[in-house]
Amino acid sequence: MPSFKIDTSTAVVFVATAPTPKLVNKQTGEIAVDRETGAKMMTVGLLISDEGEGNLYQVAIPETGVPENLNPGTPVSVVGLKARDWENEFNGQKRHGISFRAVAVTPGA
């Protein structure tokens with residue numbers, strides 16, 4: 001499915017939740033990996049505020065793009081943020097949504 005670039009150049013971005021490993025399977029604890037680089041994927045909660053509206057996004061980022069000591073409240077910049085819609089069927093139930101992915105986050109805004 002196609003992905004869409006998200007422009008955060010005018011937004012204020014803060015870390016809302018600290019990075020955690022992105023799990024492929026919660027039961028086995030298998031961690032997702034980047035298909036191109038093989039790097040472990042992390043999930044970071046980002047609060048993105050722009051034009052008077054703020055939203056919380058769970059963003060998947062390769063471990064290599066996540067700096068150490070990234071704590072809630074830290075202002076950051078987002079590199080290469082994209083959105084992609086998804087759909088799947090599990091146990092006869094259709095699910096759909098939007099996933100977010102970035103190349104990296106960098107300290108400071």
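Author: Let us start with Leu-47, which lies in strand E5 (residues 41-50); strands here are DSSP runs (E, at least two residues), numbered from the N terminus. This is a predicted model, where local features need pLDDT of at least 70, side-chain atom pairs count only at pLDDT 80 or more, and totals for chains, interfaces and linings use all residues. Residues are numbered from 1 along each chain as its sequence is written, and side-chain values use heavy atoms, with hydrogens and water left out.

Reader: Why is Leu-47 called partly exposed?

Author: Buried means under 20% relative accessible area, exposed over 50%, and partly exposed in between (1.4 Å probe, protein chains only). Leu-47 has 37%, so the label is partly exposed.

Reader: What makes the nonpolar surface patch?

Author: Val-12, Phe-14, Leu-47 and Leu-56 make a patch of about 330 Å². Patch residues have over 30% relative accessible area and no salt bridge, and nonpolar side chains (Val, Leu, Ile, Met, Phe, Trp, Tyr) are joined within 5 Å, like charges within 9 Å. The areas come from the Shrake-Rupley method with a 1.4 Å probe.

Reader: How do you know that Arg-101 and Asp-34 meet in a salt bridge?

Author: The term asks for a side-chain nitrogen of Lys or Arg within 4 Å of a carboxyl oxygen of Asp or Glu. Here the N to O distance is 2.4 Å, so the pair of Arg-101 and Asp-34 qualifies. A search of the whole structure finds one salt bridge. Arg-101 lies in strand E9 (residues 93-101) and Asp-34 in the loop between strand E4 (30-31) and E5, so the pair ties together parts 67 residues apart in sequence.

Reader: Is Asp-34 buried or exposed?

Author: Asp-34 is buried, because its relative accessible area is 8%. Arg-101, at 38%, counts as partly exposed.

Reader: How do you know that E1 and E8 pair?

Author: Two strands pair if DSSP finds at least two bridges between them. Three bridges join E1 to strand E8 (residues 82-90), so they pair, and they run antiparallel. Phe-4 stands opposite Ala-83 in E8, while the partner of Ser-3 is Arg-84.

Reader: What joins E8 to E9?

Author: Nine bridges do, and these strands also run antiparallel. One of the pairs is Trp-86 with Gly-97 in E9. E8 and E9 form a hairpin with two residues between them.

Reader: What makes E1 and E2 edge strands?

Author: Six strands form an open sheet in the order E1-E8-E9-E6-E5-E2, with mixed pairing. Strand E1 (3-5) and strand E2 (12-21) each pair on one side only.

Notes
Helices (H or I, at least four residues) and strands (E, at least two) are DSSP runs, numbered from the N terminus.
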